[in-house]
Amino acid sequence: MVEFFINGQAVQAEDNQTVMQAAKANGYFIPYFCWHPHLSVPGNCRICMVEVTNEGQPADSGWLDIACNMPITKGMRVLTDSPRVRERRKETLQFITLNHPVDCGICDKAGECTLQDYHYEYNGSPSISIDAKVHATKHFALSERIVLDNERCIMCTRCVRFTREISKSDALGVLNRGDHSLIRPVEDGAFEADPYSDNVIDLCPVGALLSRAFLHKARVWYLEPTPSICPGCERGCSIAIWHRKSEWKLKALDARQNNRIDRVTPRENAAVNGPWICNKGRDLARIFERARAELAMLKGQPVDLQAALGSARALIAAARQPVALVSSWGSNEELAAFQAALGSRFASYVKADWQVEPGEPVEDDLLIKADKNPNTAAARALFPALPEDARGALPPATDLVLVWGEGFSFAQLPAGAKIIYLNSWLQPENGHADVFIPISVMTERHGHYTNFQGVVSAFEPCFARLPGVADAESVFAGLATPAAGARP
Ligand code: SF4
Ligand code: SF4
Ligand code: FES
């Protein structure tokens, strides 16, 4: 460890730490644009200037230098907020905004833009330039997912470094020099094909890189993030699901906008995904905003939930060889509830609710895993996997099958077997089951998933459970105990 001083206070730094790293670790704030803890250090934005004096030198001999690229030396004295530092940051912001359009009023980044924040903290003055701004492409289609506003770009190069150092697609570069510099994709379509491309939207410290899916959909201060887990593969990345704050619910427009997923962003989790997620994780609305099943049914005829549970209980009581196909999207709590309530009554197998979709990346060395289900590890700790040849694997005398979750064709079931089906989505199979029970989705309830490494993570509800829909946990309790019923 090395001792040095920040704003007159003695602090400890790890060997080889920079001033920026040591300051952050000790709770001191230094602004930054181009620096990022998981990327290389280009030192190009110059906003992180601090005043430094070496050990044994007079206090007035300090010089200004960038904190992100300056190694700590023993006894060094650093001032993070002196008048000289504030004046230099003001000048730097004047320079950075020289050609910036300052169109915050129509910018999606407004509310979470560090350029805005630092301007109010360190500058606060109109531009001192008397020259006309240099204009650039205002709407450049970087990919089908991302639009680039070159006028807002401050050339921090975080996006370029991300594709070089993290996703390894080498898909972005800087074209031209000086105030004609432009971020551009390389010409072989690599950025379009980069399955992690949307991370540059979060990385961009200003509103230059914007999600087409989110463009002009909502101001961020009307939204709130709910901590959740991506169910897109067995990595189980930590995410935040952004949706409308209850106090800002829309009254006059389509009420469904109050219950929609506006965007998904990563939640940093060193044990699982670091600060990144893949593009599939951003597109969870595609999974969760499919049409929902909201009515219990007996052979396709709507009934109330209690009637469906009563019929299911009768089928279970009468069965001689019942089999259950357990969902790999069920939470740890639901799996435990199933095992406690029905585990001894059924021969149970774990099925894969989702398979690799056409065109989807199967697996890579960064995050993406081949198993496209979030809780296979926890389910397989309790029950064996359903063999690929399900028809051959199930006992011929199987007379009842409880199918939990999607992704299984009833055509694979033994002829004549009765079917109890628990599913969340409006799908043709629902009407073919003897008993169909609609169940909630993970955005409507609490729970935990265990990823392939054994890391257990929690998810929280974003929206109220739909009317007529039950949690699988209470359905299992209701199937085992006639008096218990299920919570509709
Ligand atoms: S587009 Fe954003 S992340 Fe990329 S260089 Fe410009 S400001 Fe930085
Ligand atoms: S790597 Fe897997 S869990 Fe992580 S965001 Fe992508 S699909 Fe979701
Ligand atoms: S954060 Fe240090 S130069 Fe950009």
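## Helix α13 and its surroundings

The buried residues of α13 pack against α9 (305-318), α10 (332-342), β18 (400-404), β19 (418-423) and β20 (435-438). Here, buried means that 20 or more other C-beta atoms lie within 10 Å of a residue's own, with C-beta atoms placed from the backbone; packing rests on contacts, in which two such C-beta atoms lie within 7 Å. Helices (H or I, at least four residues) and strands (E, at least two) are DSSP runs, numbered from the N terminus.

Because seven of the nine residues of α13 (residues 472-480) are buried, the rest of the structure largely encloses this helix. The buried ones are Ala472, Glu473, Ser474, Val475, Phe476, Gly478 and Leu479.

## About the model

This is a predicted model, in which local features need pLDDT of at least 70 and side-chain atom pairs count only at pLDDT 80 or more, while totals for chains, interfaces and linings use all residues. Residues are numbered from 1 along each chain as its sequence is written, with chains lettered from A and ligands numbered from 1 in the order in which they are written.

## Domains

An automatic or database domain assignment supplies the bounds: domain 1 (2-96), domain 2 (104-112 + 125-211), domain 3 (229-287) and domain 4 (296-480). Between the C-alpha centres of domain 1 and domain 3 there are 35 Å.

## A look at Ser197

Ser197 sits in the loop between α5 (190-193) and α6 (199-203). It counts as buried because it has 28 C-beta neighbours inside 10 Å.

Beyond its neighbours within four places in sequence, Ser197 is in contact with Ser143, Arg145, Ile146, Phe191 and Asn279. The C-alpha atom of Cys278, 81 residues away along the chain, is 7.7 Å from that of Ser197.

Key
Buried ≥ 20, exposed ≤ 12 C-beta atoms within 10 Å, placed from the backbone.
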